[in-house]
Amino acid sequence: MVEWIQTNETLLWWLASASVFTFFGTLVAAPWLVVRIPADYFCEPRRHRLPWADQHPVVRAALLLAKNLLGCVFLLAGTVMLVLPGQGILTILVGVVLLDFPGKYRLERWFIARRPVLRPINWLRRRAGRAPLLVLDRRRDEA
């Protein structure tokens with residue numbers, strides 16, 4: 001093992017640097033993204049229309065691809081942060097919000113309605129001077 005570490009010292013330094021960068025990057029990026037979610041995003045029974053829905057199909061596809069790639073990065077980083085230092089659950093939430101898949105909006109609303117998730121998010125939003133996230137009453141949604 002010691003021999004492997006000595007032969008791959010450069011790789012280990014790069015991995016350690018990437019880990020530190022990712023840790024501090026998510027400490028800034030995750031809260032920044034969370035406070036930019038519109039307060040009523042989770043109030044509608046159907047998902048909001050994307051801001052670039054009227055763009056040229058090539059532009060729309062490029063933006064959708066970039067958004068989904070960024071979502072994958074946040075999802076993977078958040079999963080790793082569940083066992084390493086960082087804001088794992090919050091980072092996973094941001095990743096899921098960025099990804100597109102069937103049933104995503106319903107999953108987002110279910111996840112955000114959990115008190116252990118909603119309270120810290122609304123605390124961050126309050127500190128940033130933003131209105132708290134509002135969540136649609138599930139019973140009203142199913143009626």
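Predicted model: local features only at pLDDT ≥ 70, side-chain atom pairs only at ≥ 80, totals over all residues.
Residues are numbered from 1 along each chain as its sequence is written, while side-chain values use heavy atoms, with hydrogens and water left out.

Let us start with helix α2, residues 9-34. Helices here are DSSP runs (H or I, at least four residues; strands are E, at least two), numbered from the N terminus. Does the length of α2 fit, or what should its 26 residues span? The expected span of a helix is 1.5 Å times one less than its number of residues, so the 26 residues of α2 should span 38 Å, and its end C-alpha atoms, 37 Å apart, agree with that. Along the way, α2 bends by about 30° at Thr 26; the bend is the angle between axes fitted to the seven residues ending at a residue and the seven starting there.

Thr 26 is also buried, as are Ala 30, Pro 31 and Val 34 of α2. Buried means under 20% relative accessible area, exposed means over 50%, and partly exposed is in between (1.4 Å probe, protein chains only). The cover over the buried residues of α2 includes α3 (57-81), α4 (88-98) and α6 (115-127).

Next come the rings. A pair of aromatic rings is described by the distance of the centres and the angle of the planes. Rings of Phe, Tyr and Trp (its six-membered ring) pair if their centres lie within 6.5 Å; planes under 30 degrees apart count as stacked, over 60 as edge-to-face and the rest as tilted. The structure holds 2 aromatic pairs. In one, the ring centres of Tyr 41 and Phe 42 are 4.9 Å apart with planes at 85°, so the pair is edge-to-face. Tyr 41 and Tyr 105 also form an edge-to-face pair, 5.9 Å centre to centre with 80° between the planes. Tyr 41 lies in the loop between α2 and α3 and Tyr 105 in helix α5 (residues 104-112), so this pair ties together parts 64 residues apart in sequence. Tyr 41 and Tyr 105 are buried, and Phe 42 is buried with a relative accessible area of 1%.

A salt bridge is a side-chain nitrogen of Lys or Arg within 4 Å of a carboxyl oxygen of Asp or Glu, and the structure holds 3 of them. Asp 100 pairs with Lys 67, with the closest N and O atoms 3.2 Å apart. This pair links distant parts of the chain, 33 residues apart: Asp 100 is in the loop between α4 and α5, and Lys 67 is in helix α3. Asp 100 also meets Lys 104 in a salt bridge (3.7 Å, N to O), and Lys 104 forms another with Glu 108 at 3.4 Å. Glu 108 and Lys 104 are 4 residues apart in helix α5, so about one helical turn separates them. Together, Lys 67, Asp 100, Lys 104 and Glu 108 are linked in a network of salt bridges. Asp 100 is partly exposed at 27%, whereas Lys 104 is buried at 3%.

Finally, look at Leu 82, in the loop between α3 and α4. Leu 82 is exposed, with a relative accessible area of 51%.

Note on methods: Contact = heavy atoms within 4.5 Å.
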